[in-house]
Amino acid sequence: MDRRDFLKTLAAAGAMLTVKNNGVMDVMASTVPSNGAAAADSKYADLAAVMNGEPVPMLQAALKELGGIERFVKKGNKVVIKPNIGWDRTPELAGNTNPEIVAELIRLSLAAGASEVKVFDHTCDRQQNCYPHSGIEDAVKKAGGIMVPADQQSEYVQVDVPKGKSLKKAMVHKAIVDCDVWFNVPILKNHGGALMTAAMKNHMGIVWDRRAIHSGGLHQCIADICTYKPAALHIVDAYRTLATNGPQGRSAADVVLTKALFASTDIVAVDTAAGKFFTQVNKNINFDDIEHIPDAQALGLGTMNLDKLNVKRIKL
Amino acid sequence: MLKKIRVILAIAVIGILTFGFIDLGGLLQNPVLQKIQFGPALLSLSLVTLACLIAATLLLGRVYCSVVCPLGIFQDFFNWLSKKSDKKKKYGYKEENRWLRYGVLAALIIAWLLGFTFLVGLVEPYSAYGRMADELLKPLYILGNNLFAWISEKTGSYRFFKVVLSLKSVTSLVVAILTLLVIGHISYHHGRTWCNTICPVGTILGFFSRFSLLRIRIDTDKCNHCQACGRKCKAFCIDSKNQKIDYSRCVGCFDCIDACKQNALTYGLPRKPAAPVKEDCVDESKRQFLKSGLVLAALAPQALEAKVTGKKDTRVAMSPPGSQSHRNLLQHCTACHLCVSKCPSHVLKPAGMEYGIGGIMQPVMKFDQGYCNYDCTICSQVCPNGAIRPLSVEQKHQTQPGRVVFDVTKCIVNIQHTSCGACAEHCPVQAIHMVPFQGGLTIPETTPEMCVGCGGCEFICPAHAVRIEGNTEHLTAKLPEQEQNIQTEGFDFGF
């Protein structure tokens, strides 16, 4: 390598680094306002944390603090709810989102004038087991929502992720692509790899090719996909918490009845709150070890600094 | 009348049995008609079923072949087609080819004893039909279902789900097509010749049906020697000239009864007190049958020592949970593919050479399309052959048909220094879990003795760094210990 080549390489590397930094800046600049559409709206809480209630009253209490369902769902909106329905587990085993929360969210959305409410998840276990066994299929139908299949590639369309760094294109479920507003409704769980899973990792279920997400750098890809079409609200169900052996759990011994719920327009804030709560339940895990939360903050998806936010703590 | 009843019954049986194979909605989770088939009952030594089938044959003749066996009515269908195209289609009496019949049976027994169960499965009638149902009919059914689901989705209904259509195994598809062509051809042109030459079940039941109590009888007083019955007999077993019927080959189709204008043919008890049976005739077949039995007994000890698995792939194949061992599967499975068809996760596939030549088309677990559901025991429940023994969910949780092998040199956490954990996420028992690695990353660590071999990790791994190696003898999976340090009450928000 002569000197000229060396300089060229150096210049190229420098350019790339600059681009990389810009990428971060872009994400930061674009996602925070869209995520916290009402961040400036100080009359609403930034984060609502509710404890000691049944699922439905806790959801209602949280929504009240956040401005009610009408803040998010406008008349005629196509609404999508994305719970975690990843595993062939009954509600008692806390592998999937509580069906009552999903059902109540459907009822509220329809009451607010939603033209339709679709519910789906790209399940890990077989969909035909997960949908019914989770209790979600039944709850959705009773509440007037539509349970949409997500186990065939034909349900997904290729979209550009302009703000993505690793993930420039992804196969995203049609329901998300076509909707006006969507709610990200995960359940709080232990996770073998990520230690804890809540709002961020729930995005895995809106894309078709999980392996691409894993191999392209998991956290970066999840952060990227979060920029595609941010959910209006992230609602973390912690009525039951899967404390150990997550994200599937093996038995009821892994489950703790924690009776909590966290909701925010800020995905990092809601995972921070959920993470701090979770580490009380599973004391083997230190909050500081859950690295995808600070990673997401570094990518500009939101803030971990709950002290700066308007946090409402409610005990029912 | 009798013919109509038997055709209606046979169509009902083949209809329900076929639905058991192609059903997508889990409506027929425990198919019963598959469990009363002779071949599977023999291989699983279901003594009650065997006794019932043999007793039915001794009482009624080969009703198994006319009503219960799906391949019987299947052949009648082609036979009916040929009659449609050629109204004057005639058959006639042919001598029994006894050497061929018993020769094939003996050869199959020897093949089985030597571990070539594959050959038995090829001609065992229920299994031959099962493979056709699974490989040829089911894809059509899936296409129809998907079309239906597509239409209903267009109208805004998501009540029906599409199902993935894929090729499970070239070998099995080719075998199914060949079976269709060969048996279709034989039955189109030569009636039930298959049942009375090649079919091992036909040969065994034919031995018993010689002594059946109820049978077709020719009333010699009424018979005017028109020979219409013989010309209609698709089993070629009515010697009209001599007014004799070879009961070992009569499949009980009752075509002859309707053919006789003189009403000389009846199905029933002997009119006069038991006519003396021709001893010499019976003796010979009995002798041959016993000879086959002797050969069987003589070969058994050798076969038990025979090597059951042939040439091995670099990977050890994984037999389904409940199959206990490669050897057990090899001894009992006739590759009817009911388990393959019923496996909701599309894990069970017909084997190529994974188990050696003897085990071609037997079910093997493959994880390219899905992984074995932790709580699912369907294959073990449906197997009629005793090749996959019934497992309760609890038993399955402790069964280890194979165990995890992790190749760190391929893992993307190690190579690309990126977080992943997909394998651990999919492990239902935490036999693969994440431990700290360089720079705050976590990397998989395995506890193979806990592994249940479900293949979730292998299925999801983006780098083929995790795989499941089969256990030729299934082991017991160690139950994981419950983690401590879980607080179940008294917490606050925590922030």
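## Helix α2 of chain A

The buried residues of α2(A) are covered by elements that include β1 (47–51), α3 (99–111), β10 (233–242), β11 (255–264) and β12 (311–315) of chain A, where contact means heavy atoms within 4.5 Å. Helices (H or I, at least four residues) and strands (E, at least two) are DSSP runs, numbered from the N terminus. The buried set is A:Pro55, A:Val56, A:Met58, A:Leu59, A:Ala61, A:Ala62, A:Leu63 and A:Leu66; buried means under 20% relative accessible area, exposed over 50% and partly exposed in between (1.4 Å probe, protein chains only).

Its 12 residues (55–66) should span 16 Å at 1.5 Å a residue, and the end C-alpha atoms sit 17 Å apart, which agrees. The expected span is 1.5 Å times one less than the number of residues. Just past the helix, A:Gly67 has a positive phi of about 105°.

## About the model

This is a predicted model: local features need pLDDT of at least 70 and side-chain atom pairs count only at pLDDT 80 or more, while totals for chains, interfaces and linings use all residues. Residues are numbered from 1 along each chain as its sequence is written, chains are lettered from A and ligands numbered from 1 in the order in which they are written, and side-chain values use heavy atoms, with hydrogens and water left out.

## Two buried spots in chain B

B:Lys234 lies in the loop between α12 (228–232) and β2 (238–239) and counts as buried because its relative accessibility is 3%. Its side chain makes a polar contact with that of B:Asp76 at 3.2 Å. Such a contact is a pair of N or O atoms within 3.5 Å; within protein, one must be able to donate a hydrogen and the other to accept it, and residues adjacent in sequence count only if both atoms are side-chain atoms.

Over in helix α9 (residues 170–190) is B:Thr179, buried at 10% relative accessibility. Neighbours within four places in sequence aside, B:Thr179 touches B:Ala128, B:Met132 and B:Gly184.
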